[in-house]
Amino acid sequence: MGLLAVVPFAAHAQGTGASVDTTFFVTSVGSGKGADLGGLEGADRHCQSLAEAAGIRGKTWRAYLSTQAAGGSAAVNARDRIGRGPWRNAKGVVIARDVADLHGPGNNLNKQTSLTEKGAMVKGRGDSPNEHDILTGSQADGTAFAGPEDRTCGNWTKSGTDGAAMVGHHDRMGLNEEPPAKSWNASHPTRGGCSQDALKSTGGAGLFYCFAAN
């Protein structure tokens, strides 16, 4: 009986439903400041702190977020930040084998698999409130947007009435059957700015994806 009592504890993070082998999750909470995440560095710290609070340690976490070229700084592609995979959710289910698989038609991202660091499902279309808009700032292939049109809320520093960010639908559901509506990382831009209220108005809560890069 002693061994049976120990094995479940060893296989899961203490106090949560998360496997210690978790290498992918949707943040259970956002920054609280809309799309102002403190830039990529702040977003990465948020991923790291949530993972460690859930008992998932020994990994280097990166937010799946792109940034746009600005002020002499080059653009950053979300797909280049997240390591090589494979990535598993908090229940140990593989959501993608590698970067190509993640951005291809065969990935295993949906409402049932896009779990938080605690192993919980994120509310989607049909739930109240709908929180399926996940911040990415990315095109469907995981690369940054070119040009002056803001798709990253000022590279994740804005929380007011100006700016916009590209979001994906973690539940792969939208208003129609067109590919963008079903995209996990490039469905539509936010509307009405980058504040928490603006994100809520289109079905979001300022959540984003986190991947273990090592």
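Q: What volume does the largest cavity have?

A: Rolling a probe the size of a water molecule over the atoms shows where empty space is left. A cavity is a set of points on a 1 Å grid over the protein atoms alone where a 1.4 Å probe fits but cannot get out, and its volume is the space filled by probe spheres set on the points, which are joined across faces, edges and corners. In this predicted model, the largest cavity has a volume of about 30 Å³. The structure holds one cavity of 30 Å³ or more. The model is predicted: local features need pLDDT of at least 70, side-chain atom pairs count only at pLDDT 80 or more, and totals for chains, interfaces and linings use all residues. Residues are numbered from 1 along each chain as its sequence is written, and side-chain values use heavy atoms, with hydrogens and water left out.

Q: Which residues line the largest cavity?

A: Lining residues have an atom within 4 Å of a point. Here they are Asp133, Leu135, Val167, Thr190, Leu199, Thr202, Gly204, Ala205 and Gly206. Two or more residues come from each of β5 (133–135) and β8, strands being DSSP runs of E with at least two residues, and helices runs of H or I with at least four, numbered from the N terminus. The largest share, three residues, belongs to β8.

Q: Is Trp184 buried or exposed?

A: Buried means under 20% relative accessible area, exposed over 50%, and partly exposed in between (1.4 Å probe, protein chains only). Trp184 has a relative accessible area of 3% and is therefore buried, although its place is in the loop between β6 and β7. A polar atom of its side chain lies 3.4 Å from the backbone oxygen of Leu102. Contact means heavy atoms within 4.5 Å; leaving aside neighbours within four places in sequence, the contacts of Trp184 include Tyr64, Leu109 and Tyr209.

Q: Where does His170 lie?

A: His170 lies in the loop between β6 (166–169) and β7 (188–189). His170 is buried, with a relative accessible area of 0%. Leaving aside neighbours within four places in sequence, its contacts include Leu109, Glu131, His132 and Tyr209.

Q: How many residues has helix α2?

A: The expected span of a helix is 1.5 Å times one less than its number of residues. Helix α2 (residues 39–53) has 15 residues and reaches 21 Å from its first C-alpha to its last, close to the 21 Å expected. Its buried residues include Leu40, Ala43, Cys47 and Leu50, and what covers the buried residues includes β1 (24–26) and β8 (204–212).

How values were computed: 1 Å grid on protein atoms, 1.4 Å probe; cavity = no way out; pocket = protein on both sides within 12 Å on 5 of 7 lines; lining within 4 Å. Polar contact = N/O pair within 3.5 Å; in protein donor to acceptor, adjacent residues only side chain to side chain.
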